[in-house]
Structure formats: structure tokens, C-alpha cells
Amino acid sequence: MNRFLIATVAAFTLAISQQGAVAQGKLDTDDIVDSLRGLEQQAQISAPALYQRALARIKAEPGMSAVGRPSVAEELNKLPQLTVEIQFNFDSDIIRPASYRTLGRIADALYHPYLLDYKFLVVGHTDATGKREYNLKLSQRRANAIREALVTTFRISPARVAAVGLGEEQLQDPAQPTAAVNRRVQLIATGKIK
Amino acid sequence: MKQYWLAVPIILAGLIFALPARAQTMSFADAAEVLVAACGVDIEKHCGNVNLGGGKIKACLERNSAKVAAGCKSSAAQAFASLQRRAQARIDVLRVCDRDAARLCQGVQRGDGQILECMIMARRAVSPPCNQAITDAGYR
């Protein structure tokens with residue numbers, strides 16, 4: 001109820017001050033808030049531990065088929081989350097300018113009263129093209145780049161955002177491990193800050 | 001004659017105050033859009049190995065100012081100033097509204113988010129500085 005009021009006021013303000021496209025962007029921020037709210041329990045999630053788990057599986061089972069590969073961190077799937085498309089330069093952790101607006105939109109959402117008391121995990125994923133350990137490292141660097149922008153450019157409290165790369169160990173579509181849908185970034189609510 | 005002397009500073013003051021006030025209401029997404037619309041090409045061309053975070057794009061555009069389009073320079077300045085103001089306002093709002101929160105939102109002590117929501121809803125009852133802080137932070 002309250003949320004609708006805030007959203008209506010915000011959308012109206014933008015509609016009269018900026019072009020229509022901008023009002024659309026503001027509504028997208030509201031969608032992000034909707035996707036990330038409603039965490040019921042504190043999740044015990046540690047970004048470094050998740051990374052180590054993925055790395056350990058790569059070392060322990062180097063011959064594991066990409067087709068049908070199970071998620072390395074199944075517990076993440078139960079938490080409030082959304083998948084965002086962030087464009088990076090090829091084989092690099094440089095975020096393309098085309099995705100700056102999306103970063104801004106995420107940061108706007110993280111300052112929303114409904115999300116202000118929560119912590120979030122940025123999770124980077126690759127598809128299954130290339131070496132698994134290389135992909136793991138690349139996705140970690142990409143997740144780090146997103147976190148860095150959120151906590152510096154947009155000054156989100158560093159305590160609220162963690163970053164982890166899971167490479168090709170948590171495929172969106174394990175039946176088609178090289179499909180583009182696997183290359184993605186997730187934003188996941190993991191707990192309260194205090 | 002005297003009236004002109006009076007009018008000029010008033011108009012100038014109006015212009016000076018009008019510009020930041022407008023920028024201050026921009027969301028992060030809109031500020032990012034301003035930056036990319038004017039500087040996207042220059043960023044890809046001159047700052048293609050630099051990330052947005054840590055002030056690196058800002059520094060790179062300044063470093064390459066001789067090669068960067070004039071429109072990009074002014075828009076980047078506007079966008080980064082707006083980002084800075086909006087972020088500062090969002091960080092400051094709870095401190096500015098501290099007394100209002102103690103007065104109006106006593107039953108709400110579960111977290112900053114709920115307190116902020118209470119302040120936003122209590123528009124008519126909160127102090128002018130708190131209302132201004134809420135507006136600067138883009139919450140209404």
C-alpha cells in the first residue's frame with residue numbers, strides 16, 4: 001500500500017520533469033525492489049566460501065561434464081533475487097557504458113526504504129565456453145567490478161554488498177551450457193545488516 | 001535605471017539556483033544516462049580499459065579532456081556532480097531527520113528503512129530540513 005504511493009509520486013515527478021523514457025526507468029527500479037524484498041530468514045552466505053567451494057569442485061572433478069552440471073550453490077536459489085544483464089568487454093571485467101544506467105538503477109533500488117536494511121550478493125556467471133577455472137576467475141573479477149561501482153560511484157555502504165564469481169558452476173540452462181542465457185549477473189538478498 | 005541594477009542580480013541568482021536544484025532531483029539511473037548519452041562514444045574510445053567505479057572514468061575523461069567532445073565534458077561534470085549530491089543526500093537523510101524520527105516514529109525502531117518510510121509518509125508533520133533532505137535524496 002505504502003509502496004504504491006511512493007512509486008506513484010516518484011513516477012509522476014519524473015513524468016513532469018523528464019521525458020517518458022526516464023519515467024520508464026524509474027519503474028524498473030521499482031521492479032528491482034519488488035524482486036529483492038521479502039527475505040524471511042537470515043541466510044548464512046559467505047562470498048569467499050562460495051568461491052572456494054566452486055574452486056574445490058573444479059579441482060576435485062576436472063572431468064565433470066558441462067551438460068547437466070548441477071548448481072554448486074543450490075541454497076542461493078531459494079533467496080529473493082533477480083537476474084540483470086550487464087555488458088562487459090570481451091574477456092574483461094570492464095563494464096560497458098551501455099550498462100551504467102542499469103548499475104544506477106540497481107543503486108537506486110538499494111537505497112529504497114524497503115531494501116535499506118538488507119545485504120546483497122552480486123553473483124557473476126559465465127557460460128561453459130573455455131576453461132572452468134579461468135571462467136571462475138573472470139566472473140569473480142566481473143562481480144568485483146560491479147560491487148566497486150555500487151560502493152564508490154553510488155556510495156552504497158560496503159557492508160551491504162558482497163561479490164562472488166561462480167564461473168560455469170551454476171548454469172542457468174545446464175542442458176545448453178554454452179547458451180547466452182548462462183552469461184548473467186544475479187543480485188541476491190542474503191540478510192539484514194543489523 | 002535603478003530597477004535594472006536590481007533585476008540583473010536577481011535573474012543571475014535565479015539561474016545559479018535553478019541549475020543545481022534541477023540536477024539534485026536526478027536519480028542515479030538518470031545521471032548515468034546523462035553521462036552515457038553524451039560520453040558513451042568517448043568512454044569506449046579513450047577509456048575502454050577503465051571501469052566506472054573508484055572515480056576512474058571521471059579521471060580518465062579529465063585526463064583526455066583535449067580529445068573529449070565539448071558536450072561530453074559539460075554533461076560529465078553535471079552527471080558526476082548530481083551523483084555526488086544524490087549519494088550525499090541519501091547518506092545524510094537519517095541524520096538530518098533524527099529528531100523528527102524520535103518525535104514521530106517512536107514505535108518504529110526496527111531499522112533505518114522503516115524509520116525512513118515513516119518519515120516519508122509523515123510529510124506534513126516533519127520539519128522543513130527533514131522534508132528537504134528527503135526530497136534531495138529523491139525519496140519523493
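In helix 4 of chain A, Tyr100(A), Arg101(A), Thr102(A), Leu103(A), Gly104(A), Arg105(A), Ile106(A), Ala107(A), Asp108(A), Ala109(A) and Leu110(A) are buried; a residue is buried if 20 or more other C-beta atoms lie within 10 Å of its own, exposed if 12 or fewer, and partly exposed in between, with C-beta atoms placed from the backbone. Helix 4, spanning residues 100-110, is thus described as mostly covered, with 11 of its 11 residues buried. The model is predicted: local features need pLDDT of at least 70 and side-chain atom pairs count only at pLDDT 80 or more, whereas totals for chains, interfaces and linings use all residues. Residues are numbered from 1 along each chain as its sequence is written, and chains are lettered from A and ligands numbered from 1 in the order in which they are written.

Chain A contains five helices and four strands, where helices (H or I, at least four residues) and strands (E, at least two) are DSSP runs numbered from the N terminus. Their order from the N terminus is α-α-α-β-α-β-α-β-β. Of the 194 residues of chain A, 44% are classed as buried. Among contacts in chain A with a separation of 6 or more, 75% link residues 24 or more positions apart; two residues are in contact if their C-beta atoms, placed from the backbone, lie within 7 Å.

Strand 3 of chain A, residues 161-165, is also mostly covered, with five of its five residues buried. Val161(A), Ala163(A) and Gly165(A) point one way from this strand, and Ala162(A) and Val164(A) point the other way. In a regular strand the side chains alternate between the two faces of the sheet. Strand 3 runs parallel to strand 2 (residues 118-125) of chain A, and five bridges join the two; strands pair if DSSP finds at least two bridges between them. Gly124(A) stands opposite Gly165(A) of strand 3.

Asp34(A) belongs to helix 2 (residues 20-36) of chain A. Asp34(A) counts as partly exposed because it has 16 C-beta neighbours inside 10 Å. The C-alpha atoms of Asp34(A) and Leu82(A) are separated by 9.6 Å, and the two residues are 48 residues apart along the chain.

The contact between the chains takes 34 residues from chain A and 32 residues from chain B. On the side of chain B that touches chain A, helix 2 (28-46), helix 4 (70-96) and helix 6 (112-121) of chain B each supply at least two residues. Helix 2 of chain B gives the most, with 11 residues.
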